[in-house]
2 protein chains.
Amino acid sequence: MTPERVESTMRTIHNAITTHLTILDGHPPLEDEWDYESGEGGGISRIWEESSLIERGGVNFSAIHGEALPEAAATQFSIDPDTPFFATGVSLVVHPWNPHVPTIHMNVRYFQAGHRWWFGGGIDLTPYYPVFSEVVAFHRQLKALCESVNADYDTYKRHCDDYFHIRHRGERRGVGGIFFDHLQHDAEAHHALVERLGMSFGALYRPFVEEHRHDPETDDERAFQLYRRGRYVEFNLVYDRGTKFGLQSQGRIESILMSMPATACWRYDWAPDPGTPEDLVQSFYLQPQDWLKVKKPRRAR
Amino acid sequence: MTPERVESTMRTIHNAITTHLTILDGHPPLEDEWDYESGEGGGISRIWEESSLIERGGVNFSAIHGEALPEAAATQFSIDPDTPFFATGVSLVVHPWNPHVPTIHMNVRYFQAGHRWWFGGGIDLTPYYPVFSEVVAFHRQLKALCESVNADYDTYKRHCDDYFHIRHRGERRGVGGIFFDHLQHDAEAHHALVERLGMSFGALYRPFVEEHRHDPETDDERAFQLYRRGRYVEFNLVYDRGTKFGLQSQGRIESILMSMPATACWRYDWAPDPGTPEDLVQSFYLQPQDWLKVKKPRRAR
């Protein structure tokens, strides 16, 4: 796999997602190009803020070449710090205004240093007012996507549950999806997975937007959404490896923290009343489930 | 120094601060008592939320005895994990509604394991619309406080600037204060410092409240306050040792995250217009200053 080919795939994914989100939102993004100051290359951040569909969100592309691996990365990957490296990827987070439209996150990435290289990525969904059949359909699509490129949905689904774990809360960040990292076995196959995932974003997210973007919302629903966004912040700042690595390596801070919601709230020791939709989110949807087998809870929509 | 004596001092500080905040706010706090499940003792959290002065804040007391030091602490302090330990302290964070009243944080703590013990603590101020003379007066009071117990203001002031550093932003969290840790040289003297600091909270914070609690506020000022609160969240979740230790050691999560504001906001790549009060905050007040010598900037209030 040449760096040029992966970078070209990433650019294609970045542009395809930009088109999807522009159509869904109805407005083009704000675009910022930036240079990687410690080496060659750079990135393009595309942001929607206070837009029609999107309260805050965006999709970033980057492709950087460096003469020497940053210390933190070298230690983490057990690679000599003097090794030149190449890293490219696309990441997106979308926080829509309407509490009935889920937040979504997707990331695909490729890393190369010396003779080592690997692919990684994933997609995961964070609904505030989930509809059971839609969550199942999302996972069903992911299973089909994995099977179409001979990737193992069950493993990647489990990795996703393991990764997006807010340990201090005993909750997952959302209803999961797939997550994979350090794929270094078959470059063509991994490239195909990453490409398929990236190019499927529109098909995976559009149904949620089209179904719910005009749902009426109450003040309480908005409050619950902002409360759950506090958990999103907690996960990203405390646990997310990409965020932590970006902060430690003095990356472009506004691109790294594009994942933050516009607004997040905290309430002391708050818990939803038993039997409410909000209670079902925290007691059922935010616990790992085998979505392709689990029975719809009686109270679920 | 006996554990009983330090615990008694901490309880006295906790109650004195509760009284101060109750008078300032005009309402008593919500109180939660909790037990330390992995050993003996526990704590008392006192919280104000959506109250008169305080949007969200509180003051926590804890005193816990354990049979064996948690793994993380043992590693951090190079102490045998099987050592029984005792830890007690008071911590407070107050986020007032009015953007003209600063957020304040204070913490005093004592730790003992085997033959080792130490005191730590500090206070720091996070104004949104600082008044120069008030920031100077705050530091002048802290210097006098330190001198009254033979503590070194200059060193602790510098430690505070070093500690409350949001490295990925190149900013401090606020205008500093004092910070000290691992004081293990003279128990009586360190106890006196901690006691004096704890009992001085009212005198240190009251002036800001009385002067500004009824200041008129604009929507833009409120927006800037919520934006800066995003930075408070970033510091606490990414850097604060107490928060990280609490999350890792599965402490009482709502007491640990009592430091979170009710609401925090993020805006992509936002910067205040040059020459505005908000610009002066970020370019002058959030950089370390020798407050007892620095000249008032021309644009400062």
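**Buried, bridged and charged: checking the labels**

Me: Why is D279(A) called buried?

Reply: D279(A) has a relative accessible area of 18%. Buried means under 20%, exposed means over 50%, and partly exposed is what falls in between (1.4 Å probe, protein chains only). So 18% lands in the buried class. Keep in mind that this is a predicted model: local features need pLDDT of at least 70, side-chain atom pairs count only at pLDDT 80 or more, and totals for chains, interfaces and linings use all residues. Residues are numbered from 1 along each chain as its sequence is written, chains are lettered from A and ligands numbered from 1 in the order in which they are written, and side-chain values use heavy atoms, with hydrogens and water left out.

Me: What makes D279(A) and R299(A) a salt bridge?

Reply: The rule wants a side-chain nitrogen of Lys or Arg within 4 Å of a carboxyl oxygen of Asp or Glu. Here N to O is 3.9 Å, so the pair passes. D279(A) belongs to helix 9 (residues 277-285) of chain A, while R299(A) is in the segment after that helix, 20 residues apart. Helices here are DSSP runs (H or I, at least four residues), strands likewise (E, at least two), numbered from the N terminus. R299(A) comes out as partly exposed, at 47%.

Me: How many salt bridges does that rule give over all chains?

Reply: The count comes to 38. One of them joins E55(B) and R222(B), with the closest N and O atoms 2.8 Å apart. E55(B) sits in strand 3 (residues 54-66) of chain B and R222(B) in helix 7 of chain B, so this pair ties together parts 167 residues apart in sequence. E55(B) is buried, at 2%.

Me: How do you know that K157(B) and D161(B) are about one helical turn apart?

Reply: They are four residues apart in helix 4 (residues 153-163) of chain B. An α-helix has 3.6 residues a turn, so residues three or four places apart point the same way. The pair also forms a salt bridge, with N and O 2.6 Å apart at the closest. Elsewhere, salt bridges with shared partners join D32(A), R252(A) and D269(B) into one network.

Me: Why is helix 10 of chain B described as largely enclosed?

Reply: Seven of its nine residues (277-285) are buried, so the rest of the structure largely encloses helix 10. Among the buried ones are L280(B), F284(B) and Y285(B). They pack (contact being heavy atoms within 4.5 Å) against helix 3 (132-148), strand 8 (171-172) and helix 7 (219-238) of chain B.

Me: What makes the phi of N150(A) stand out?

Reply: That phi is near 55 degrees, positive in a residue other than glycine. Most residues other than glycine have a negative phi. N150(A) sits in the loop between helix 3 and helix 4 of chain A, and at 76% it counts as exposed. H182(B) also has a phi near 55 degrees, but its place is strand 9 (residues 177-183) of chain B, and at 33% it is partly exposed.

Me: Which residues make up the patch of positive charge on the surface?

Reply: R167(A), K244(A), R167(B) and K244(B). Patch residues need over 30% relative accessible area and no salt bridge, with like charges joined within 9 Å. Lys and Arg count as positive, and the charge is placed at NZ of Lys or CZ of Arg.

Methods
Patches are made of residues with over 30% relative accessible area and no salt bridge: like charges are joined within 9 Å, nonpolar side chains (Val, Leu, Ile, Met, Phe, Trp, Tyr) within 5 Å. Accessible areas come from the Shrake-Rupley method with a 1.4 Å probe; for residues, only the protein chains shown count as cover.
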